[in-house]
2 protein chains.
Amino acid sequence: MSGPATVTAAVLVIGDEILSGRTKDRNIGYIAEYLGKIGVDVREARVAPDVEEEIVAAVNALRARYDYVITTGGIGPTHDDITADAVARAFGVPIGEDPRVIALMMERYLLADLTPARRRMARIPAGAELIDNPISKAPGFRIGNVFVLAGVPQVMQAMLDFAVKSMRTGATMAVETIEAGAVPEGRYGDALGAIAKAHPAVSIGSYPSFKDGKFNNQIVVRGKDEAVVASARQAVEAMLAAMRGDGKPL
Amino acid sequence: MSGPATVTAAVLVIGDEILSGRTKDRNIGYIAEYLGKIGVDVREARVAPDVEEEIVAAVNALRARYDYVITTGGIGPTHDDITADAVARAFGVPIGEDPRVIALMMERYLLADLTPARRRMARIPAGAELIDNPISKAPGFRIGNVFVLAGVPQVMQAMLDFAVKSMRTGATMAVETIEAGAVPEGRYGDALGAIAKAHPAVSIGSYPSFKDGKFNNQIVVRGKDEAVVASARQAVEAMLAAMRGDGKPL
């Protein structure tokens, strides 16, 4: 599953509101799916609190390990928005009010309305490139391999559209989903393991969901070589067909 | 925000399906909210892939730092279910088929139907206590301060009800949510920061959401001392009332 065409990323969600359960995160799933489609594999995600040293540690751990890190949250105008300062500290660079951002904000605010709180949003680490925010002006930024985006999903998504333009991308994954339906995982687990072993270039997952008192299973085959994925898919379908036709109760 | 009555936890979600975006995680938010209500503060969350060394590293990093770790996912019967083995390795203990689990499974399956795949679900690290699974029998387990639960939300939730019975709990958080509505964060950011500074025993967050082209803001005050939370809430309400009444455009 590795190779020169593999580009990796991690997602770092920042915010006490996620860890208290007050706000249910929707950014990890969105970013994972979005990046996967363009050939960037999300390999890890973390949620960190609004505590500077925690954010610094997570940014540094992740940026050393993956090609890209996407952070969400903590770039607004209030005292609990500390992501920009934490990222500057993680990179060991100074941070100050960026005149490019002040100029952007003056498209939306009169100078008299640029409160100190709003000016917080102009704090950008030295050397960072800005990331457009078409919704509410105050931009995200990129420094090194770290992209710093807003936490509000709609704003984050608009920023991500812009951010990915500067990302290197790898081969995209071919993904095939096979409905196992009511065939129990415990029935096909052994045979599926054998198919997985015979197709080391793909990743095969089995995913139960539970509704109205019943399990429903899906098998997902993922890989970068379409032909190998197709061959694994056929093997899975043949396996399920044999189980459905063998006369034993499912 | 710390003290003898503080009990901390981390959540570790395990599964490639979350990192590919195929399945959107619902467990972090559920567990965070549930534990918060009983006085266990979730301080960090991670999502790890179905890769043994990654799970081992995450379990060991988190169990050393927090009072409890809750893992979800990877305890089913298929080849990609490797959580139990990874947790055994993290603790450096042997793992084998647990006769208690075989007995439980025989309430549901005939012996002849206990396929090797199903028997995988009986692999429990030495010394672990079982966690009831009222939905599909195959249990979770607790070893040390780590609780290993299923990934399917309904099964995880049933296991969590059982798991928390053996957790030490701390003081619960008093939480007050104040509707700032259309008052912009940039208007109240400075005053709110001053209120936060004046109330160091509480955590104050400002959370915008975006709908139909407009931001709507909520301010949340959290803390373990109800009187201090109430006092901070009053200060926030007075601040907003002053801004709504000062005749300036919001």
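Two strands are said to pair if DSSP finds at least two bridges between them, strands (E, at least two residues) and helices (H or I, at least four) being DSSP runs numbered from the N terminus. In this predicted model, where local features need pLDDT of at least 70 and side-chain atom pairs count only at pLDDT 80 or more, totals for chains, interfaces and linings use all residues. Residues are numbered from 1 along each chain as its sequence is written, and chains are lettered from A in the order in which they are written.

By that criterion, β2(A) is joined by three bridges to strand β2 (residues 41–48) of chain B, the two running antiparallel; within this pairing, A:Arg46 has B:Arg46 as its bridge partner in β2(B). The contact as a whole takes 54 residues from chain A and 54 residues from chain B, two residues being in contact if their C-beta atoms, placed from the backbone, lie within 7 Å. Elements giving two or more residues to the side of chain A that touches chain B include α2 (27–37), β2 (41–48), α8 (185–198) and β10 (203–211) of chain A.

Chain A has nine helices and 11 strands, and an automatic or database domain assignment divides it as follows.

| Domain of chain A | Residues |
|---|---|
| domain 1 | 8–166 |
| domain 2 | 174–245 |

The C-alpha centres of domain 1 and domain 2 of chain A lie 37 Å apart, and the C-alpha atoms of chain A fill a box of roughly 80 × 45 × 30 Å along the principal axes. Among contacts in chain A between residues at least 6 apart in sequence, 67% join residues at least 24 apart.
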